Amino acid sequence: MTPLLTDRPEWQALVHHYEAVRDLHLRDLFAADPSRGPRLTIEAEGIAFDYSKHRVTDETLRLLLALADACDVRGRFEAMFRGDVINVTERRAALHVALRAPRTASIVVDGVDVIPAVHEVLDRMSTFATQVREGSWRGHTGRPIRNIVNIGIGGSDLGPRMAYEALRAYADPALTVRFLSNVDGADFIEATRGLDAAETLFIVCSKTFTTLETMTNARTARDWLLAALGDPAATSRHFVAVSTNEDAVRAFGIDPANMFGFWDWVGGRYSMDSAIGLSLMLAIGARQFGELLEGFRSIDEHVRTAPLERNIPVLMALLTIWYTGCFGVETHGVMPYAQYLASFPAYLQQLTMESNGKRVTAEGKAIPYPTGPVVWGEPGTNSQHSFFQLLHQGTRLVPVDFIGFRRAVEDVGEHQDLLTANLFAQAAALAFGRTPEELRDRGVPERLVPHRASEGNRPSSVLLLDRLTPAALGQLIALYEHRVYVEGVLWDIDSFDQWGVELGKEIAGQILPALRGETSTTAYDSSTAALIERYRTARER
């Protein structure tokens, strides 16, 4: 039986150490070690990870790494890469690393090497994407496809949507790419606004082809298409599926030859580099999608080979454990200083909180310590004029990841220098603040000193990459995927199930007939019953 995190002697040593260092200030740590910045920076795979502005000493790091050893982080990585059953509640592997493994690799799951099947799907995606981009795949009326609408929800939407927005500069400008996820009809209206049905291709992404929101939107899209084109046979030229349910795909009207599969060992929030990424491949092309996979692969290799003390995702995870477990931190900020990464924090919200928002261990024992923090963020510099006031002078401690690039995708005058200056300045200001004495020396009136002083000692990391390319995006996603896994290992939770999501879906399915007046509200609590009645009355009017 796996011991609870807080029962491990390595954790007890860490807690004892925390009491000794909790009041240390980053100003003092940097003053005592002039080389702290470069010494606590890791250079790997073209990425610089500066974690020097965290409230840690060498002893803190030693104790955190001892905890990682005690939890067998290295062995748990190998278990994942082997295809072992690490999603214990669903009794399956969590093998997203196979999606970007090279053709020469071999990963056996249930006696079958999965790598040939992965590359067979990638090859089919590549062929299809090339046909659409070159105009040889045509719609029902013979016109080329100019519009792509991805229909999905959760990982089938957040991943490809984020990646498309991040790599928009690399996309074919002749293609309009949109994403439809919300069952709110407004989302459908906006996703199809101004599109010509004869030139529109829908990609329906649902593993089971039964997801309520996705299939509702898919049926509405089919009605929209047929209202314009008239012939039911048009469905087969304007819809493709990313699914494993061939019978349901065929019944919908999609030719199974245009179905791109994936596997039970691919979790939705880890699926962007599978066939779920078809919309992205259509947008940026097969070659650049391959570069994205190479970026993922480089970080997979890094986590397998780098010693733990030089392993970026491992250190990122250990810092999360340190702050949530000892400092009582409840939230974590991610601030990309790149407008193209505006959706990256939203993508990470699902990746991290759906993975590690758990209250029991993998063995089902109640957890007496905090697990996944709330993840949030917005791009800089916009966020500086929004919520950074709280980060600098608020009463809550919020560790922050800053993500920046040495070179701009779109190089416009002095913009990149100004953007990067702000990134570095915010990290420094959070760490060191400004003391009352410094303000007085600057001639600030005494009545304003309390208002303008910033205590600093607010921790942050800086991830600095060269340029936001497809490969760099793959690296960033893989860094956070592996960080999430290490956090789960340390907390002893299953990072790959999401049973909490199911309850609301089940209740919604029960409420829907009541909203339509088909069933009674007597089975519901007084609040829910009253809300149903209020809604139903308004609809009847």
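# Reading rings, cysteines and cavities

Me: Which residues do ring pairs link into a cluster?
Reply: The model is a predicted one. In it, Phe202, Phe209, Trp224, Phe239 and Phe252 are joined into a cluster by ring pairs. Elsewhere, Arg237 lies over the face of Trp137, 3.8 Å from the ring centre.

Me: How many aromatic pairs does a search of the whole structure find?
Reply: The general idea is that two values, the distance of the centres and the angle of the planes, describe a pair of aromatic rings. The search of the whole structure gives 23 aromatic pairs. Tyr18 and Phe327 form one of them, with 4.9 Å from centre to centre and 75° between the planes, which is edge-to-face. Tyr18 belongs to helix α1 (residues 9-21) and Phe327 to helix α14 (residues 312-327), so this pair ties together parts that lie 309 residues apart in sequence. Tyr18 and Phe327 are both buried.

Me: Is the pair of Trp263 and Trp265 stacked or edge-to-face?
Reply: The ring centres of Trp263 and Trp265 are 5.0 Å apart and their planes are at 5°, so the pair is stacked. The cut-off for stacked is planes under 30 degrees apart. Trp265 has a relative accessible area of 9% and is buried.

Me: Which residues of helix α5 are buried, and against what do they pack?
Reply: A residue counts as buried when its relative accessible area is under 20%. In helix α5 (residues 73-82), the buried residues are Val73, Phe77, Ala79, Met80 and Phe81. They pack against α4 (58-70), β3 (85-87), α13 (286-305), α14 and α20 (470-491). Gly83 follows α5 and has a positive phi, near 90°.

Me: How many disulfides are counted?
Reply: The test is whether two cysteine sulfur atoms lie within 2.5 Å. By this rule there are zero disulfides. For Cys326, the closest cysteine sulfur is that of Cys71, at 13 Å, which is too far for a bond. Cys326 is buried, at a relative accessible area of 11%. Cys205 also counts as buried, at 1% relative accessibility.

Me: How many cavities of 30 Å³ or more are there, and what lines the largest cavity?
Reply: In general, a probe the size of a water molecule is rolled over the atoms, and this shows where empty space is left. Here the count is seven cavities of 30 Å³ or more. The largest cavity holds about 100 Å³ of space. Its lining includes Thr320, His332, Val334, Leu348, Thr352, Asn356, Tyr480, Arg483 and Glu487. At least two lining residues come from each of β12 (331-336), α15 (344-356) and α20.

Me: Where is Arg27 placed, and which residues does Arg27 touch?
Reply: Arg27 is in helix α2 (residues 26-32), and it counts as partly exposed at 29% relative accessibility. Leaving aside residues up to four places away in sequence, Arg27 touches Phe432, Gly433, Thr435 and Glu455. Val88 is 61 residues from Arg27 in sequence, and their C-alpha atoms are 45 Å apart in space.

Me: Where is Gly142 found, and how far is Gly142 from Ala198 in space?
Reply: Gly142 is in the loop between α6 (115-134) and β7 (147-151). With a relative accessible area of 35%, Gly142 is partly exposed. Gly142 and Ala198 are separated by 56 residues in sequence and by 8.3 Å in space, C-alpha to C-alpha.

Notes
Residues numbered from 1 in each chain as written. Predicted model: local features only at pLDDT ≥ 70, side-chain atom pairs only at ≥ 80, totals over all residues. Heavy atoms only, no water. Phe/Tyr/Trp six-rings, centres within 6.5 Å; stacked < 30°, edge-to-face > 60°. Helix = DSSP H or I, 4+ residues; strand = E, 2+ residues; numbered from the N terminus. Buried < 20%, exposed > 50% of the residue type's maximum accessible area, 1.4 Å probe, protein only. Lys NZ or Arg CZ within 6 Å of the ring centre and 35° of its normal. Contact = heavy atoms within 4.5 Å. 1 Å grid on protein atoms, 1.4 Å probe; cavity = no way out; pocket = protein on both sides within 12 Å on 5 of 7 lines; lining within 4 Å. Points joined across faces, edges and corners; volume = space filled by probe spheres on them.
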